[in-house]
Every structure is written in structure tokens, then in C-alpha cells.
Amino acid sequence: MDLNKYMSKDDIDSYVDSYIEEGRISSNADELKIFPVAKSTEIFMLNKTAWDKFSKATGASLEELKTKEGLVNIAKEYYEWTDSLTPNVKNDGKAFYGRDAMANLFIIGSMQNGDELFKVENQKVSLNINKENMKKIWEFYYVPYVKGYFSSYGKFRSDDVAIGEIASLTGSTTSANYFPDKVDNNGKSSKIETIVLEDPKFKDGKDYAVQQGAGMVVTKSTEQEEYASVVFLKWFTEEERNINFCGDSGYLPVKKDANNIDSFNKVIKENNINLNDKVKKTMDVAYDTLKNNTLYTNKAFDGGRNARKVLEYNLYDLAINDRKEVEKALKNGKSLEEATKKYTSDKNFEKWYESFNKALKDSVK
């Protein structure tokens, strides 16, 4: 049902504008179909214990992690440093980074670089596949992945941190509770501390960050049931109650009055909510992200699920498969440069770009 039926203009204005706009998925732009309940964005989480050892040995600075290009440089340095710890074994360096939600990399990366990948009007999409932007994404993710600087093993990157295979990740604020407190590797278990930072942007990129999270719809029913459902949703998203829920879950509250760190901390203190250290750090960074960026999510469109699947797996699967071939070449005695040369070439980018372009266009036909 259209929620406008039971919400006044003041009701709607009390919620964050972009969260309301996300719920206008009907072909009628005035209709509000999804009620915002709790939202999230992306953050960068780092194994502080591993970082401190690496930083002390190499002089690496957290300042470099403000940009994606700096992150790649750090990941290369981390791989080379960990490789040097076993001088009798070549090319056994550790990956530094991994990310969840590859689709967000394409969508927000494009916005940061000045282009909207999915331009949507009346639920119909026009694709804006900027080749230069795709090259930046390729160089950020695929190239360091095949070189072993980035990696992925388990279902989520927090799983990979837990087994010591990577030291950092980009994930949702809601994943903060899953970032491990210890690393189990080679039969040894050791406690770790956590650093939380804003997710790195492309150098000279615009200030955009991902908007995602939960909403609810009300199905058409009797007037009494519809009205009661909306009353419940208003009650559930009242400032104090919504912050209580978000403090436990890593979500961000949806009303404007609750959408700042001072309001959040006030409610947490007054209700004696005991936040764990990871969630507290995450919420501090999440609110900084809200303050420093424009949150973005593309509008819903016909074929959107298929298109997102292409963004999620097309480059990701290629990187995994090509890295396996690189590892075979390394075992056969080739240097890292020799083993990766054909994969990181402009020719290989052109080949991928053509296939990616076709796959994305086919997904929304």
C-alpha cells in the first residue's frame, strides 16, 4: 500500500530524506511503498595487532588508507613485508585486504568518479558504463587480487580475518559484531584489537558513500490493519527506541533527530546500553561517514537484481580464477611479475571490459 495514506507531511519530513526517497519504488513517484526502519553504510576495519607490527617494521601510515590508491600501495608493501619474513620461501606473502559486496564498489566507485552507473526513470534504467571508471575499479581490485595483495576465502571477509589470511576489509556497519576478536592460524589462537576507519575513496573522488539497510512494507488490507501497521512502524522508529535497536545491531537510525552521534551517545548513556568496543568505534565512524558524504543507492529498476548479480560476481570470479593460474605459475618457478604480466595488461583489461559491458547490458534487456 501507499504509506502516504497514513503519514502526514510532518511525519515524512521527520525521516532522513534519502531514506524516504529509497522507498519510492512505484512508477508513481509520489507513492511511498517502503518504510525506512534501519540503515547502514560501509566501513573499513583493520586488525590493529597485525597493523602495529607491520607499521613498526615499515613505517606505514594509516593516513595512506584514506584513498583506494593508497590502500593498494599499502597492500603491496604488506605482501612484500610478510614475504620477507620467510626468506627461504618465495612468494608466500599475505594478502592485506578483502571486501564484501562487490556491487557497491562499482556503484559507489562510479559516483565518486563522477558518473551514475544506473540512471533510472519510471523503473527503466539507462546504463552509464564509463570505461575510464571501470579501468580505475579494475586497477583497484582485480590487479592487486591477482598479485596476491587482496584475497578472499570464506563466505565473508570477516571469516578471512579470523583465520589470518587478510588483515583488513570493507564491510557493512552491521558486520562490525562479526569482526573477530582473535585469529586462529596454524593451530595457534591470538587475541587482536580493531581499528575502524571510513572506507577509502578513489583519489580526488567525490564524497559519496553507500546507503543500504532495512525497510518494511505494509500489504493492502482493511483500513484498521493498515493504520495499525503504520502506527507500529512510527512507534518502532521513534528516536530512543530506534537508537536502542541500532546500538545492538550496528544499523543507523532513520529519523533526522536521531541521525547524529550526540543523540546516539545520549540515548546509549541514559539507557545504560553496554556497547562492545567494535560497535562503538563503528558507530563513531559511521556518523562521520554520514556527516562527510552524500549517501547513495540506485533506484529500483526492471532487471535490477540481474544487473547487481553481474556487478557482484563478474570481476570477482575472474579475479579468483586468474589468481589460481598465477599461483600455478609461481609454483613452477616464475617470478610474480612474470606470472601476472598477461593478466594485468591493457589487452586483458580490454577483453574483460567488453565481456563485462555485454553482460551488464544483457542483464537488463
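This report walks through a cavity, some salt bridges and a surface patch in the structure above.

The model is predicted, so local features need pLDDT of at least 70 and side-chain atom pairs count only at pLDDT 80 or more, while totals for chains, interfaces and linings use all residues. Residues are numbered from 1 along each chain as its sequence is written, and side-chain values use heavy atoms, with hydrogens and water left out.

**The cavity**

Let's start inside. One cavity of 30 Å³ or more turns up, and the largest cavity holds about 150 Å³ of space. Its lining has 17 residues, of which I108, Q112, D199, Y208 and A209 are the closest to the centre. Here a cavity is a set of points on a 1 Å grid, over the protein atoms alone, where a 1.4 Å probe fits but cannot get out; lining residues have an atom within 4 Å of a point. Two elements give two or more residues each to this lining, α5 (102-112) and β10 (208-210), and α5 provides the largest share, with five residues. Helices (H or I, at least four residues) and strands (E, at least two) are DSSP runs, numbered from the N terminus. By class, the lining of the largest cavity has five nonpolar, six polar and six charged residues.

**Salt bridges**

The whole structure has 31 salt bridges, each a side-chain nitrogen of Lys or Arg within 4 Å of a carboxyl oxygen of Asp or Glu. Here are some of them.

| Pair | Closest N to O |
|---|---|
| E350 and K131 | 2.8 Å |
| D207 and K201 | 3.8 Å |

E350 sits in helix α14 (residues 346-363) and K131 in helix α6 (residues 131-146), so this pair ties together parts that are 219 residues apart in sequence. E350 is partly exposed at 31% relative accessibility, and K131 is partly exposed at 35%. Buried means under 20% relative accessible area, exposed over 50%, and partly exposed in between (1.4 Å probe, protein chains only).

R157 and D160 share helix α7 (residues 157-162), three residues apart, or about one turn of the helix. R157 is buried at 3%, and D160 is buried at 0%.

**The surface patch**

M216, F232 and W235 make a nonpolar surface patch of about 290 Å². Such patches join nonpolar side chains (Val, Leu, Ile, Met, Phe, Trp, Tyr) within 5 Å, from residues with over 30% relative accessible area and no salt bridge. M216 belongs to strand β11 (residues 212-216) and is partly exposed at 36%.

Methods: Patches are made of residues with over 30% relative accessible area and no salt bridge: like charges are joined within 9 Å, nonpolar side chains (Val, Leu, Ile, Met, Phe, Trp, Tyr) within 5 Å. Accessible areas come from the Shrake-Rupley method with a 1.4 Å probe; for residues, only the protein chains shown count as cover. On a 1 Å grid over the protein atoms alone, a cavity is a set of points where a 1.4 Å probe fits but cannot get out, and a pocket is an open set with protein on both sides within 12 Å along at least five of seven lines; lining residues have an atom within 4 Å of a point. Grid points are joined across faces, edges and corners, and a volume is the space filled by probe spheres set on the points. Ala, Val, Leu, Ile, Met, Phe, Trp, Tyr, Cys and Pro count as nonpolar, Asp, Glu, Lys and Arg as charged, and the others, Gly among them, as polar.
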